[in-house]
Amino acid sequence: MLTNSFIDRPRLLISAACLLLIQSLPVFAEDAGNLYNTAFDIGVGERYFERQCSRCHGFDATGNDETGAPDLTGRLSRASSNVGIYNILKQGIPGTAMLPVAADLPDSQVWQLVAFIDSLSTDPTNVNLTGTAEAGSGLFSGKGECDSCHMVSGRGGRLGPDLSRVGERRNPDELVSDIIDPHQDVAPRWWTIKVTGADGVAREGLRMNEDSFSLRIMDDDSNLWSYPKSQIESYERLQESTMPSYAQTLTDSEVDDLVAYLFSLRKEI
Amino acid sequence: MRQLPMKQIIILLAAIGFSMPSIGQEDPFQTVITPAFSPITWERLVNAEEEPENWLMYSGTLDSQRYSQLDQINTSNVGELELQWAYQIPVIDRAETVPLVVDGIMFITEAPSNLVAVDAATGRQYWRYDHEMPDDLRICCGRNNRGVAILGETLFMSTLDAHLVAIDARTGNVLWDKEVADHEAGYSKTAAPLIVKDKVVTGIAGGEFGIRGFIDAYDAVTGELAWRTYAIPGEGEPGNDTWSGDSWKTGGAATWITGSYDAEANLIYWGTGNPGPDWNGDVRLGDNLYSDSALALNGDTGELEWYFQFTPHDVHDYDSIQVPILADIPFEGRTRKVMMWANRNAFFYTIDRETGEFLVGKPYASQTWAQGLDVNGRPIRVPGMAPTYEGIMVSPPIVGATNWYSPGYSKDTGLFYVTSFDGEQEFFKRDEDYEEGERFTGGGGRYTQPMDAFHSSIRAINPATADIEWEFPIQPRSSGGITTTAGGLLFSGSADGYFFALDAATGEELWHISLGRRVHAAPMTYSVDDKQYVTMASGNVVYTFALRD
């Protein structure tokens, strides 16, 4: 009990001071950051998230199309700072299913939840990479030929995801995995469909969209095709990536350079 | 009262006359010159099937078959359906509503807990009721409302703040507003009530907040509570010993979907939800009666006549929150009065509805948690499938092989229809202490594959054998309800925003239209001036179709 009081009192004081700052000087409050951001705080926030938030946002916080709850593991579309996250938690988002946290939830716990949500995305200033982005950029359009399929800032191919802001949603470890083992976690948008329609012509392309009664693909020449399923003669779905593994093509240091480049790709603020 | 000067009255009359259609001109509004409907008596509700021009309750009829005698739209002409009107719900959320239609007037519930009355032929509004809502709701899964009930000239609606509201069907005025339970303690209400004689029977939601579920009956005129039957037995009552310690007090067993009624047996049938906390059964050892069960209650007193527990000691959130469908079917050489139930746990059951005797049951969707059912219908569990701290893969996932969305049954085909889901999910267990008004779930789940890797389908099941007769694949994870008609049709909707019609006998696709947003509701059908309509909510819009004139 004594120990708890000892810990809680300064935090409450700090919290109160923080709130005063928010009310009077919001800019400085943002700069002040979250005072509840230790590993312990993040753990408490995670447990709160699992209990109160995971029903909509998922146990891994990656969101849920069904509920409309967004992925919280990358850049947040509605909050660019911890104060922004705090405000959403306290107020909810009017007109959506995002309700505020309980009004009587202590601010310290709200900030612990903020710390957990903040921890889901990788702060690039805290990352030390062995590779260099400049060398990676050269590999991207050179030896790797990545730009034959991927666009960055409007330049490149159409046969893979646009990577202009990939650093916001993938951390360096994930990027290494994407390059070495591209068949892991392939989004349905990048599956391949082989289809023969009413015209009897077999076509193969990326699965742009498929629904109960129709499907749409883009072939290697960027042609867009739409098929009613009732008129399909044959259909095959490949739930793997069209991207080759670079495990044998690039050296370890080249992969590091490429990762450094990709991780640097984010929205310029 | 201030009187209008004669000059203004003349101008007003002139303006009205100017806007009136000339005689003989085609105008959809001419059908509502006399919008007054005749009061809905209990006899009309018992015999609702005999007036298929109306849709008088959430599931169409008391047996909840969702089968309409209307056949103007049928297998030969359903391809000619055309949009008649669309009603945009002003509060952006998802529509789970099944409207009622009474003598040409449609009643549509909206998120969060609002109600609007429109002309069923045009979709244009008579009145609306906006329920005043506190800002500290405790709701698990979205701001939903699924429909109203009607008796006499009064509509009865559940609200998210756990109230039951009686509303004048002609004006939208509130007649009474009753707090069913304390919303701050985690209670809420989303389902349409069920009228039984002169009472409004209604359930409660909040199974993720450590509530103690119950089914209530209220006097339709006064709003006084007539009886309450708890879904978890109290201290000293039979079944209370199926909960370790005091866990029964926070054991969930919510009753958040509408039940059914058999007038001959005078029995109310109602499903109950998961025990709480959902995914950590360590703190509530035992079978946890009457969670995940079908309850048969006396229609006058609410006393429990029998129960059938589908998933004893559930640790996967397999609510038995499905609408019970009642029918008399041929079974092993004789006609049996049965209740049919495709459960969230992936098993289909046919049960004698007079006694609760298990007749037949089989899986109708993928599942890994049970080896099968024993002779009494009790699941034989696969060992080691309970959630763990590290996570364990189990099928069906938390959302179930089906869920609350209505199944259907056709008198013509004798088949039971359900929107089913074949999926799997990692289940996690967590330790949590109960705090009033806070979530009390003890874990959660995580998909490890994209939703598109799974499968949804409309499955037709023979209730005498529990065998699947046909299936029609649709986009995962669809959550549309099903309605069948004497026109040989099955109507439903899909996760990708289609409204479609299948041949109820064969599953052949006959018609579809893209409505653009996910379908969370069930279709219903009615007629006005001998013209049949079929209505389905998609996204935030209520669409109504009919044949080309």
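In which loop of chain B does B:Arg477 lie? B:Arg477 belongs to the loop that runs between strand E31 (467-474) and strand E32 (483-485) of chain B. The model is predicted: local features need pLDDT of at least 70, side-chain atom pairs count only at pLDDT 80 or more, and totals for chains, interfaces and linings use all residues. Residues are numbered from 1 along each chain as its sequence is written, while chains are lettered from A and ligands numbered from 1 in the order in which they are written.

**View 1. Cis peptide bonds in two loops of chain B.** B:Pro476 and B:Arg477 are joined by a cis peptide bond, with omega about -10°. Another cis bond leads from B:Ser395 to B:Pro396, where omega is near -5°. B:Pro396 is placed in the loop between strand E25 (392-394) and strand E26 (408-409) of chain B. Helices (H or I, at least four residues) and strands (E, at least two) are DSSP runs, numbered from the N terminus.

View 2. Most residues other than glycine have a negative phi, and most peptide bonds are trans. A:Asp185 has a positive phi, near 50°, and lies in the loop between helix H8 (172-180) and strand E3 (192-196) of chain A. A:Asp185 is partly exposed, with 13 other C-beta atoms within 10 Å. For B:Glu332, phi is also positive, near 50°; the loop that holds B:Glu332 is between strand E19 (325-331) and strand E20 (334-342) of chain B. B:Glu332 is exposed, with 9 other C-beta atoms within 10 Å. A residue counts as buried if 20 or more other C-beta atoms lie within 10 Å of its own, exposed if 12 or fewer, and partly exposed in between, with C-beta atoms placed from the backbone.

**View 3. The open sheet of chain A.** Five strands of chain A, in the order E6-E5-E4-E3-E7, form an open sheet with antiparallel pairing. Strand E6 (224-228) and strand E7 (234-238) of chain A each have a single partner strand, so one side of each is left without a neighbour in the sheet. From one strand to the next, the twist averages 35°. Strand E5 (residues 214-218) of chain A pairs with E6(A) over five bridges; two strands pair if DSSP finds at least two bridges between them. A:Leu215 has A:Tyr227 in E6(A) as its bridge partner.

**View 4. Packing of helices H7(A) and H9(A).** Helix H7 (residues 133-141) and helix H9 (residues 252-263) of chain A pack at an angle of about 100°, and their axes are 7 Å apart. Axes are lines fitted to C-alpha atoms, for helices over the stretch in contact, and angles run from 0 to 180 degrees between N-to-C directions. The two helices H7(A) and H9(A) are therefore roughly perpendicular, a term for angles of 65 to 115 degrees. Among the residues that make the contact are A:Leu139 and A:Phe140 of H7(A) and A:Leu258 and A:Tyr261 of H9(A).

**View 5. The contact of chain A with chain B.** Chain B gives 30 residues to the contact and chain A gives 23 residues. Two residues are in contact if their C-beta atoms, placed from the backbone, lie within 7 Å. On the side of chain B that touches chain A, strand E29 (443-446) and strand E35 (509-514) of chain B give two or more residues. E29(B) gives the most, with three residues.

Notes:
Angles under 35 degrees count as roughly parallel, over 145 as roughly antiparallel, 65 to 115 as roughly perpendicular and the rest as oblique.
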